[in-house]
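Let's take a guided walk through this structure together. Keep the viewer open as you read, and turn the model whenever a new place comes up.

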Number of protein chains: 2
Amino acid sequence: MSVPPRYRAKSRVDVSGEESRAKAVAVATELFALTGFKGTSVAAVAARTGLSQSGLLHHFPSKAALLTAVLEERDRQDGDFLAGSAGPPLGWAAFDALAALVARNSTRPHLVGLFVRLAAEATEPAHPAHAWVHEHYSGLRRWLTEAVHSGQEQGEIAEDAPVDSLARMTIAVIDGLQQQWLLHPDAMSMTAEFEAFAATVRARWAR
Amino acid sequence: MSVPPRYRAKSRVDVSGEESRAKAVAVATELFALTGFKGTSVAAVAARTGLSQSGLLHHFPSKAALLTAVLEERDRQDGDFLAGSAGPPLGWAAFDALAALVARNSTRPHLVGLFVRLAAEATEPAHPAHAWVHEHYSGLRRWLTEAVHSGQEQGEIAEDAPVDSLARMTIAVIDGLQQQWLLHPDAMSMTAEFEAFAATVRARWAR
DNA sequence: GTATACCGACCGACCACACGGTCGGTGCTT
DNA sequence: AAGCACCGACCGTGTGGTCGGTCGGTATAC
């Protein structure tokens with residue numbers, strides 16, 4: 001009773017595999033950014049990649065694995081941007097580095113969308129990206145607190161500056177600005193807004 | 001060939017309808033907050049309400065209608081909290097009002113969760129809450145800008161304060177803090193963090 | 001006071017579809 | 001001959017939503 005499988009399209013070209021994988025990750029990044037992880041179907045990613053669903057699942061055993069790949073890729077791209085080649089920035093330089101990051105993100109709306117969506121979705125402990133988001137935040141906070149702290153030691157930042165609060169609110173500003181920017185990209189400049197914030201903080205706590 | 005429908009359970013009590021509706025809205029608020037709109041099924045809401053799915057859909061014609069009801073309820077509860085009975089607060093008082101709001105939100109994690117999830121999900125223009133989120137933000141921004149502006153006229157806030165940026169970054173801080181707080185509710189106090197921010201801003205731009 | 005008509009609350013069965021994932025293949029390349 | 005890239009068919013499950021119906025209560029007609 002089994003129907004013989006149909007022939008494939010003649011024009012079919014099996015690509016290098018590495019390429020397909022990379023394209024799938026790029027497509028998934030974009031779709032996860034637009035409609036979230038839950039809101040994106042494997043089939044949709046496959047279609048835009050130019051594969052069948054099974055073809056995509058050949059490269060990534062599950063949807064969660066695809067998400068992992070996306071996150072790893074983001075880490076790889078962003079990874080050393082803040083750490084920089086000359087060691088972690090100290091004191092106010094950290095805020096400049098953050099401003100540069102914000103400026104860079106203004107160029108890459110999918111990555112911003114991806115992160116905002118994911119951060120919200122992954123509040124749920126069972127979400128496959130929960131641990132990742134968690135680490136992302138605590139890593140960022142640690143980095144910033146250390147920078148501010150050593151800024152104090154160098155006498156660049158006031159001794160009585162509330163280090164932890166400064167770190168938390170700075171991260172909060174970045175997140176919140178991203179949210180507003182995604183809603184209305186043309187109506188504002190994330191970079192300018194962040195710099196206004198940084199200037200305020202600086203004026204208040206410079207030694 | 002049709003099977004006769006079974007009798008209902010004897011213990012069944014048709015409640016006032018108004019009650020069922022209200023309970024459903026409360027349950028939906030909580031579930032949408034925990035798992036997002038997309039991540040919550042109508043059946044799950046129905047079950048926790050003590051209704052069948054059809055029973056729930058009897059009160060709300062669609063899932064989107066349920067969401068609308070949830071948002072309207074939130075607006076109703078929060079609505080005049082900021083506007084206050086004595087007209088909109090002016091100048092720095094606006095920041096006190098916001099601090100009070102943040103303190104109040106620390107008590108109601110579902111509402112915070114609901115909003116954070118929804119704000120992220122509804123970035124997508126096709127989302128049923130897109131317009132709502134949009135209005136929510138622009139309303140809040142208008143309110144804050146006006147408050148700061150009139151603070152300037154009263155000579156309480158420096159003339160050269162960047163009004164728009166101030167509004168945007170303040171809203172951003174609140175959103176960002178909510179995000180961090182949802183991820184780690186016990187590790188921080190939203191209120192304290194927001195007050196630290198407000199103090200910084202005040203110190204910088206008080207006239 | 002009883003029969004009748006109607007209404008709102010609610011339910012079980014069902015539907016079409018989309019989902020993530022499996023399985024057994026085919027065909028190209030080496 | 002082996003291995004890789006890939007596909008079509010299929011499956012179980014969950015989804016939002018529809019449909020026809022039951023039930024208790026209340027207003028009205030007689």
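**Spaces inside the model**

Two nonpolar, six polar and six charged residues make up the lining of the second largest cavity. In this count, Ala, Val, Leu, Ile, Met, Phe, Trp, Tyr, Cys and Pro are nonpolar, Asp, Glu, Lys and Arg are charged, and the others, Gly among them, are polar. Before going on, please note that this is a predicted model, in which local features need pLDDT of at least 70 and side-chain atom pairs count only at pLDDT 80 or more, while totals for chains, interfaces and linings use all residues; side-chain values use heavy atoms, with hydrogens and water left out. Residues are numbered from 1 along each chain as its sequence is written, and chains are lettered from A and ligands numbered from 1 in the order in which they are written.

What does a cavity mean here? On a 1 Å grid over the protein atoms alone, a cavity is a set of points where a 1.4 Å probe fits but cannot get out, and its lining residues have an atom within 4 Å of a point. Grid points are joined across faces, edges and corners, and a volume is the space filled by probe spheres set on the points.

The second largest cavity has a volume of about 110 Å³. It is lined by 14 residues, and those closest to its centre are Gly36(A), Arg117(A), Glu121(A), Arg117(B) and Glu121(B). H6 of chain A and H6 of chain B each give at least two residues to this lining; helices (H or I, at least four residues) and strands (E, at least two) are DSSP runs, numbered from the N terminus. In chain B, domain 1 (12-70) and domain 2 (88-205) each contribute at least three residues to the lining of the second largest cavity, with the domain bounds coming from an automatic or database domain assignment.

By type, the lining of the largest cavity has nine nonpolar, six polar and two charged residues.

**The helices of chain A**

Chain A has nine helices and zero strands. Of its 207 residues, 49% are buried, where buried means under 20% relative accessible area, exposed over 50% and partly exposed in between (1.4 Å probe, protein chains only). Of the contacts in chain A with a separation of 6 or more, 67% join residues 24 or more positions apart; a contact means heavy atoms within 4.5 Å.

Is Gln178(A) buried or exposed? Gln178(A), in helix H8 of chain A, counts as buried because its relative accessibility is 7%. Leaving aside residues up to four places away in sequence, Gln178(A) touches Asn105(A), Val112(A), Phe115(A), Val116(A) and Met190(A).

Now follow the chain to helix H9 (residues 190-205) of chain A, whose 16 residues reach 22 Å from first C-alpha to last, close to the 22 Å expected at 1.5 Å a residue. That expected span is 1.5 Å times one less than the number of residues. The buried residues of H9(A) include Phe194(A), Phe197(A), Val201(A) and Trp205(A). Their cover includes helix H5 (93-105) and H8 of chain A, together with H8 and helix H9 (190-205) of chain B.

Pro162(A) sits in the loop between helix H7 (130-153) and H8 of chain A. Its relative accessibility is 26%, so Pro162(A) counts as partly exposed. Pro162(A) and Trp205(A) are 43 residues apart along the chain, and their C-alpha atoms are separated by 9.2 Å.

**Across to chain B**

Thr200(B) is in helix H9 of chain B and is buried, at 3% relative accessibility. Which residues does Thr200(B) touch, not counting residues up to four places away in sequence? They are Met169(A), Val201(A), Arg204(A) and Trp205(A).

Thr191(B) also has its place in helix H9 of chain B, and with a relative accessible area of 19% it is buried. Thr191(B) touches Ala99(B), Val102(B), Ala103(B) and Ser106(B), again not counting residues up to four places away in sequence. In H5(B), the buried residues include Ala99(B) and Val102(B).

Conventions: On a 1 Å grid over the protein atoms alone, a cavity is a set of points where a 1.4 Å probe fits but cannot get out, and a pocket is an open set with protein on both sides within 12 Å along at least five of seven lines; lining residues have an atom within 4 Å of a point.
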